Amino acid sequence: MSAKLESLLRLMAVQASYTYERMAGIGVGHAATPLLRDVFAQRPARDRREAIARSADFFNSHPYLASVAVGAVVKAERDGVPGPVISRLRTALSGPLGALGDQLIWAGWVPTLIGIALIAAHAFGIWAIVALLVVHNILRVWITAWGLELGLREGLGVGAALQRSWLPLGAVEAQRAAALAVGVAVPIVVGRVLAAAPPAAIAVTVAAGLVGATLTILPATKTRVTGLRFGLALVALAVITAGVLR
């Protein structure tokens, strides 16, 4: 197995080593180790250990894009960049990679795939969910491999390369796609669920939706009541009601 492939496989599990002190740092260092082993094969073992220790220092970003930092740090170590400069590079990449990853993945392609799966579930049943998981994991492997290649190619210039890449615009477009997919899926799913419901249930559902929309829009409550919080409150209320009526 090549060092790059081993590093890529380790990046798939970078979230398995989160700690309060270093966040994803240990996972990033573990993923960079096979590549650093090759870089320092002909150099003193002490230099290799110091490079691995730098790679395992505190690092917090989106886990799917941590490969960008791994590749850039390995390229910088290969080029003989001083250790303090490499540490500053890791720190500088942490925030942007976290923000771009959140926008592209958590607010972009994940809700997009969920919306599509909800729409397709009526026709394909459980296979729509299976397809959702398969596509998500293919995208996860692809973007991790892309980030690793980008970092290994650009090194210290990876920040500018990220700005020139498809990623910033892709994050914006992914969020638009998510809004469209979820916006289409919600009325379809609600229509299916309420198709055979009595008028009273429909009235309660509509009322809950209006209350939630109002609370998330009003200036006095919109900073405290989000769609997620209101949805979780409704789920809790439904569970309690079901328990009482049982």
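Mentor: The model is a predicted one, in which local features need pLDDT of at least 70 and side-chain atom pairs count only at pLDDT 80 or more, while totals for chains, interfaces and linings use all residues. Residues are numbered from 1 along each chain as its sequence is written, and side-chain values use heavy atoms, with hydrogens and water left out.

Trainee: Which residue follows α5?

Mentor: The residue after α5 has a positive phi, near 60°. Its name is glycine 125.

Trainee: How many helices are there in the protein?

Mentor: From the N terminus on, the elements run α-α-α-α-α-α-α-α-α-α. The protein has zero strands, and its helices number 10.

Trainee: What radius of gyration does the protein have?

Mentor: The radius of gyration is taken over C-alpha atoms, and the globule rule is 2.2 Å times the number of residues to the power 0.38. Along the principal axes, the C-alpha atoms fill a box of roughly 75 × 40 × 40 Å. A compact globule of 246 residues would come near 18 Å, but the value for the protein is 23 Å.

Trainee: Why is the pair of tyrosine 64 and tryptophan 109 called tilted?

Mentor: Rings of Phe, Tyr and Trp (its six-membered ring) pair if their centres lie within 6.5 Å; planes under 30 degrees apart count as stacked, over 60 as edge-to-face and the rest as tilted. By this rule there are four aromatic pairs. In the pair of tyrosine 64 and tryptophan 109, the ring centres are 6.3 Å apart and the planes stand at 35°, so the pair is tilted.

Trainee: Where do tyrosine 64 and tryptophan 109 lie in the chain?

Mentor: The two residues are 45 residues apart, and their pair links distant parts of the chain. Tyr64 and Trp109 form one aromatic cluster with Trp106. Tyrosine 64 is in the loop between α3 (45-55) and α4 (66-78), and tryptophan 109 is in helix α5 (residues 83-124).

Trainee: Is threonine 33 buried or exposed?

Mentor: Buried means under 20% relative accessible area, exposed over 50%, and partly exposed in between (1.4 Å probe, protein chains only). Threonine 33 has its place in helix α2 and touches Arg10 and Ile52, not counting residues up to four places away in sequence; contact means heavy atoms within 4.5 Å. With a relative accessible area of 14%, threonine 33 is buried.

Trainee: Is tyrosine 20 buried or exposed?

Mentor: Tyrosine 20 is found in the loop between α1 (3-11) and α2 (25-39). Its relative accessibility is 75%, so tyrosine 20 counts as exposed.

Methods: Helices (H or I, at least four residues) and strands (E, at least two) are DSSP runs, numbered from the N terminus.
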